[in-house]
Amino acid sequence: MADTLETESVISVDFHRDEHIEDLNDDQLLNLLDEISVFNAALKIESAMFDKYYERLVPKEMAQQAQTAALELSQLVQSRSRHRSRTRTAVERLFKLTADQKCNIAYRELEETKEILAKLQHESDHIIRNLQATLEEAEFALTETKKAAHEFERDILAFTRGKKGSTIVTDTLFKYFEDKIHAKELLIDKLQLKNHAWKMLKAKLHQQLRQKEEAGEMLREVDFHQLKIENSQYLNQIEQYNQDLLELKVMTGKTQGVLNSYKRQLQRTLAETKQLTSEVKSRRQMLRKIEIETTEVEEALAPCWWIVLWVLCVFWYLVTKPK
C-alpha cells in the first residue's frame, strides 16, 4: 500500500513538473515545491540507509562496477530525450525496491545500529570505569599526601621546632623517611604477593576453560548417540515420574476428602462432648445441692429421733408393765 502511494506521488510530481507546470499558480507551485522538498528529504534518508547497507554487504570493486553501470544507464536515458518520461518511469520501476525488501533492509540497519550503540555503550562504560578508577586513585593519593603531610608536621616539625642543632633535625628526618620507605616497601611486597596470587588464579581458570573446550571438542558421534539414548531414557523416567505424580495427586485428593470427613466427625464429636460435659457439670451441681439439702434435713431431724425413741420406750414400758 505504501509502495503504491509512493509511486503515485512520484508520478504525480513528474507529471506536474513535465506537462502542466505552466498551468499552476504561485500557491500551487509553492505547495508542489514543499511536497518535492519533503519527498527529496525522505529519499535522501532512504538512499543514505540503502547506501550504508549496500556498502556493508557488497565489496568495493563490485560497488564501483555497479556505479559505472548506473552512470552508463543514466547517460543512455539522457540521450533519448524524446522518450524521457517513459524511460525514467521504466528505470524507476526497474530499480524500485518492494515494501518487504525495504522493511528487511530497515530492520537489518536497525539491528546494526543497535549493535553499534551497544558496542559504544560498552566502550563508554569501560572508559567511565577507567576514569572512575583514575579518580579514585587520585583521591586516594591526595588523601595519602595530606595524611603524610599531617604526620610530617606532627612528628618532625613539632618535634624539632623548639630544638637547636642540625644533627638532631637531620637524624630525625632520616629516621622518619627510613620508616616511611620501609612501610612502602612492605606495602609493595604485599601488593606483589596479591598480584601473583591473582595471576595464578587467572592461569588456573584459563587452564580449566581450555580443558573444558578440549573436552567439548573430543565429543564424537558415538558420544552424541549415547547422550541421545540417555536423554530418551531420562525423558521416559520423567514421563513415569509425571504419571506417578498424577496418581499421587489423585490419591492425595481422596485422602483429603477422607480427612475432611473425619474432621467433620471430630467436630461433631467435640460438640457432643462439650454438651455432655456441660450436662455432667450441671448434674454434679444438682447432686451437690441435693447432698447439702439432705444434710440439712438430717441435722433438722436429729432431735426428733430422741423424742421418738423416748416415746417407744415409754410405750414398751406400759405394755410390758405387770398388772
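This is a predicted model: local features need pLDDT of at least 70, side-chain atom pairs count only at pLDDT 80 or more; totals for chains, interfaces and linings use all residues.
Residues are numbered from 1 along each chain as its sequence is written, and side-chain values use heavy atoms, with hydrogens and water left out.

We begin with helix 7, which spans residues 221-320 and contains E298; helices here are DSSP runs of H or I with at least four residues, numbered from the N terminus. E298 is exposed at a relative accessible area of 53%, because exposed means over 50%, buried under 20% and partly exposed in between, with a 1.4 Å probe and protein chains only.

W310 also lies in helix 7, and its relative accessible area of 60% makes this residue exposed. Together with I307, V311, V314, Y317 and L318, W310 forms a nonpolar surface patch with about 650 Å² of accessible area. Such a patch joins nonpolar side chains (Val, Leu, Ile, Met, Phe, Trp, Tyr) within 5 Å, from residues with over 30% relative accessible area and no salt bridge, a salt bridge being a side-chain nitrogen of Lys or Arg within 4 Å of a carboxyl oxygen of Asp or Glu.

Turning to the cysteines, C103 is exposed at 52% and C313 is partly exposed at 45%. The count of disulfides is zero, where a disulfide is a pair of cysteine sulfur atoms within 2.5 Å.

Finally, F177 lies in helix 6, residues 166-217, and is partly exposed at 44%. F177 and F152 are 25 residues apart in sequence, with their C-alpha atoms 9.6 Å apart in space.

How values were computed. Helices (H or I, at least four residues) and strands (E, at least two) are DSSP runs, numbered from the N terminus. Patches are made of residues with over 30% relative accessible area and no salt bridge: like charges are joined within 9 Å, nonpolar side chains (Val, Leu, Ile, Met, Phe, Trp, Tyr) within 5 Å. Accessible areas come from the Shrake-Rupley method with a 1.4 Å probe; for residues, only the protein chains shown count as cover.
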